[in-house]
Amino acid sequence: MKNRDQQLLDDKKQLNRYGYAQELLRDMGGFSNFAISFSIISILTGAVSLYGHGLLYGGPGMMGFGWTIVAFFVLLVAASLSELASAIPTAGALYHWAATLKGTRIGWYTAWINLIGQIGIVAGIDYSVALFADPLLATLFGYATTDTTTLIVFGFILLLHGILNHVGIKIVAKLNDFSAWYHMIVVGILVVSLAFFTKDGLQPIDYLFQVGQTFSDKPYFLAFLIGLLQAQWTFTGYDASAHTIEETVHPRVRAPWGIYNSVAFSFVFGFIMLAFVTLSIQDANGAVNSDNAFIYVISQALGGTFGNIVLWLVTFAMFFCGLSSITSFSRMLYAFSRDNGMPLSRHWAEISRKFRTPAKAIWLAVILSFILALIDYITKLINPDVGYSTIAFLTAVSVVGLYVAYGIPIFLKLRAESRGIFKPKHYGPWSLGKWSKPINIVSLIWITFICIMMVIPPNQMAAYALIGMFIILVIMDLGYYKKHFKGPQAALEKSLDEIRKLEDEFEHKKK
C-alpha cells in the first residue's frame with residue numbers, strides 16, 4: 001500500500017497528464033469526498049422541503065413507492081457517472097468528460113447547462129433552509145413571516161455559506177464530515193421520536209404504500225408522476241464528489257465510491273425517515289393545506305416544544321447541505337473558468353493565496369443563486385396569483401439542468417464506445433464491466449423521462465426559465481464561445497486530435 005506522500009505525488013502526476021497544475025489543496029479523504037455528496041443530497045432537505053409536494057400529488061404512496069422507484073434509477077445514473085469520474089479525474093467533471101469524448105463545443109454547452117442546474121440547486125437548498133428557519137425565528141423574535149422575510153433569511157444564509165467556503169477547504173471538509181454523521185443522527189432522533197412519542201400512535205404499515213389518493217385536481221397516475229419531483233430533487237448534486245476530485249487523495253477510487261455510496265446511503269436513510277413521518281400522519285388533508293406539510297405533521301405528532309426542537313435539528317441539517325452545495329458549485333465554476341469558459345474567467349479561476357480556495361468563484365455562486373430567487377420574488381410581486389411555489393420552481397430548474405448535464409457525457413461515452421474510440425483500457429479502476437452499456441442506456445431513458453415530467457404543468461414556469469436560459473446560452477455561443485473557449489487544456493488537445501483521427505477512420509470504413 002502506498003504511503004500518503006507517494007499517493008499525493010501519483011495524484012498530482014495523474015492531474016498533470018490532463019494539462020493542469022495541482023493548485024487546490026488535496027486534503028480530502030474518502031469519507032470527506034462521500035460526505036460532500038451525501039450532504040448535498042441531504043434527505044433532510046429535499047425529502048423534507050418537498051414533502052408537501054409529494055403528499056399533495058401522490059398521497060402517502062409517494063413515500064413508499066415513489067421514493068423507491070426514483071432511487072433505483074438514480075443509482076444507475078450514479079454508477080454511470082462514477083465510471084467517468086474514475087476514467088477522467090478532473091474537477092471539470094461533466095464538462096471535461098463531454099469535451100474529451102466529443103469536442104469543445106459540446107463540452108462548453110455541458111458546462112453551462114450544469115451551471116444552470118447548480119444555480120437552481122444552491123438556490124433551492126438555501127431557500128429550503130429559509131422556509132424552515134424563518135417561521136422558527138419568527139416564533140422566537142415575534143415577527144410575521146412573509147415572502148420578504150424569507151428572502152432576507154435566504155440571503156443571510158447564502159452569506160454565511162460564502163464566508164465559510166471562502167476561509168478554506170479544511171474547515172468545510174470537517175463540517176462536511178460532521179454533516180454526514182449529523183444527518184444520520186438526526187434521522188435516528190426523528191425516527192425514534194415518532195416511533196415512541198407520536199401522540200395518537202402510528203398508522204398501519206400498509207398506509208405507506210397506499211396508492212390512488214391525490215389531493216390535487218389531476219388524475220392519480222399523472223399526479224403521482226408530478227409528485228416524483230420530491231424524490232428526484234433530493235437525489236441531485238452527487239456529482240460534487242467529482243467536482244472536488246482534485247482535492248481528494250486517491251481520487252480515481254474514492255470519488256466514484258463517493259458518488260455511488262452517497263446515493264445508496266441516502267436511499268436507505270431517506271426511506272426509513274419518510275416511512276415514520278408518513279405513518280405518523282393523522283390528518284393528511286390538513287397537512288397538504290398547511291403552509292409547510294412537514295412542519296404540520298411533526299407538530300401534530302410530537303407537540304409544540306418537542307416538535308420545534310426536532311425542526312431546529314432538521315433546519316441545521318439543511319444548513320450543512322447548502323454549505324456543501326456552494327463548495328461543489330464554486331469548484332465547477334473554477335474548473336470551467338481556468339479553461340476560459342466564462343466571461344471574466346481570470347477572476348473566477350483565481351485562487352486565494354491565503355486560503356487556497358477559489359474565492360471569487362465562491363462569491364459568484366452566492367450571487368447567482370440569490371439572483372434566481374430574487375427574480376422569482378419580483379415575479380410574484382408583479383403577479384401574486386401565480387399557481388406555483390418558489391421551491392417547486394427552483395427545484396425543477398435544478399433537476400432538469402443537472403440531469404441533462406449528467407446525461408450528455410453518458411450518451412457521448414456510449415457513442416464513443418460504439419465507434420471504437422472509448423475502449424476498456426480507458427476505464428479507471430472503478431468500472432461496471434459488462435453491465436456498463438445496459439446501465440448507461442437505462443440511465444439515459446430515465447433522464448429523458450424525468451426531465452419531461454419536471455417541466456409539465458404545474459411546473460411550466462421552470463420550462464420557461466430554462467428556455468430563456470438556453471436562448472441566452474445560444475447567444476453566448478455566437479458572441480463568446482468562438483472567440484475565447486479552446487476547451488480543457490494541454491492534454492485535451494492531444495486527445496481531441498486522436499479522437500478526430502479515429503472518427504475519420506470510422507467514417508472512411510463506413511464508406
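Helices here are DSSP runs of H or I with at least four residues, and strands are runs of E with at least two. By that count, the protein has 22 helices and 0 strands. The radius of gyration is 22 Å, close to the 24 Å that the globule rule gives for 511 residues, so the protein is as compact as a globular protein of that length. This is a predicted model.

**Overall build**

- Along the principal axes, the C-alpha atoms fill a box of roughly 70 × 55 × 55 Å.
- Of the 511 residues, 59% count as buried.
- Take the contacts with a separation of 6 or more: residues 24 or more positions apart account for 85% of them.

**Surface and charge**

- The protein exposes about 20,100 Å². Carbon and sulfur atoms supply 66% of that area.
- There are 38 positive and 31 negative charges.

**Nonpolar core**

- The largest nonpolar core holds 155 residues. Y51, W108, Y238, F294 and Y403 touch the most other members.
- Helix α7, residues 104–141, gives the most to this core, with 18 residues.
- In soluble globular proteins, nonpolar side chains tend to be buried together.
- F294 has contacts beyond its neighbours within four places in sequence. Its partners are V48, Y51, F132, L190, V277, L311 and V314.

**Helix α4**

- Helix α4 spans residues 51–58. Of its 8 residues, 6 are buried, so the helix is largely enclosed by the rest of the structure.
- The buried residues in α4 are Y51, H53, G54, L55, Y57 and G58.
- G59 follows α4. The phi of G59 is positive, near 65 degrees.

**K199 and its loop**

- K199 is found in the loop between α9 (169–197) and α10 (220–227).
- The relative accessible area of K199 is 58%. Exposed means over 50%, so K199 counts as exposed.
- K199 still touches Q300, A301, L302 and G303, leaving out residues up to four places away in sequence.
- Q282 lies 83 residues from K199 along the chain. The C-alpha atoms of K199 and Q282 are separated by 9.6 Å.

Technical notes
Residues numbered from 1 in each chain as written. Predicted model: local features only at pLDDT ≥ 70, side-chain atom pairs only at ≥ 80, totals over all residues. Heavy atoms only, no water. Core = buried A, V, L, I, M, F, W, Y, C linked by side-chain atoms within 4.5 Å. Buried < 20%, exposed > 50% of the residue type's maximum accessible area, 1.4 Å probe, protein only. Contact = heavy atoms within 4.5 Å. Rg over C-alpha atoms; globule rule 2.2 N^0.38 Å. Areas by Shrake-Rupley, 256 points an atom, 1.4 Å probe, with all protein chains shown as cover. Lys, Arg positive; Asp, Glu negative; His and termini not counted. Charge placed at Lys NZ, Arg CZ, Asp CG, Glu CD.
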